[in-house]
Amino acid sequence: ELALGEDSLKSGSKDGGRNVVQANEIEIVDILSNVANRLGLKPHQSGGSTVYAAADIEVHKAQDGFIYMLDLARCMPPEDPTVMPHFKGILMTGTTVFHHSNGKKRKEL
């Protein structure tokens, strides 16, 4: 279980985008900006806040000091694991999967 508290949400929305929290901590902004840039996403306005991906993602700074990004399904286009060669041997139907290999061979699961 993640060590998330009432004030751990640092960016995004925990209610499906109705209320959007804008990232204010430079560490969070740097991470979101870097990830968005690598994915070809542009910062934009949602609910009066600047967001770097779908407004309904959640970025939490947990009590354990780690930063967690949740609900990322709408940030990536869906891929069908039954026809994509890099999903060979993995069955994840109905799930958006982010795959980044950095040129390394993927370990079979």
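Is Lys 10 buried or exposed, or does its relative accessible area place it in between? With a relative accessible area of 22%, Lys 10 is partly exposed, a class that lies between buried (under 20% relative accessible area) and exposed (over 50%), using a 1.4 Å probe and protein chains only. The structure is a predicted model, in which local features need pLDDT of at least 70 and side-chain atom pairs count only at pLDDT 80 or more, while totals for chains, interfaces and linings use all residues. Residues are numbered from 1 along each chain as its sequence is written, and side-chain values use heavy atoms, with hydrogens and water left out.

We can turn next to the strands. Helices (H or I, at least four residues) and strands (E, at least two) are DSSP runs numbered from the N terminus, and two strands pair if DSSP finds at least two bridges between them. Strand 1 (residues 9–12) runs antiparallel to strand 4 (residues 58–61), joined by 3 bridges, and Ser 11 stands opposite Val 59 in strand 4. Strand 4 also pairs with strand 5 (residues 67–70) in the antiparallel sense, over 4 bridges; here Glu 58 faces Leu 70 in strand 5. These two strands, 4 and 5, form a hairpin with 5 residues between them, and Gly 65 in the turn has a positive phi of about 90°.

The charged side chains come next. A salt bridge is taken as a side-chain nitrogen of Lys or Arg within 4 Å of a carboxyl oxygen of Asp or Glu, and the whole structure holds 3 of them. One of these joins Lys 10 and Glu 25 at 3.5 Å, N to O. Lys 10 lies in strand 1 and Glu 25 in the loop between strand 1 and helix 1, so this pair ties together parts that are 15 residues apart in sequence. Glu 25 also meets Lys 61 in a salt bridge of 3.5 Å, and Lys 61 pairs with Glu 27 at 3.1 Å.

A nonpolar core is a set of buried Ala, Val, Leu, Ile, Met, Phe, Trp, Tyr and Cys residues joined through side-chain atoms within 4.5 Å. The largest has 11 residues, including Ala 23, Val 29, Tyr 52 and Val 59, and its largest share, 4 residues, comes from helix 1.
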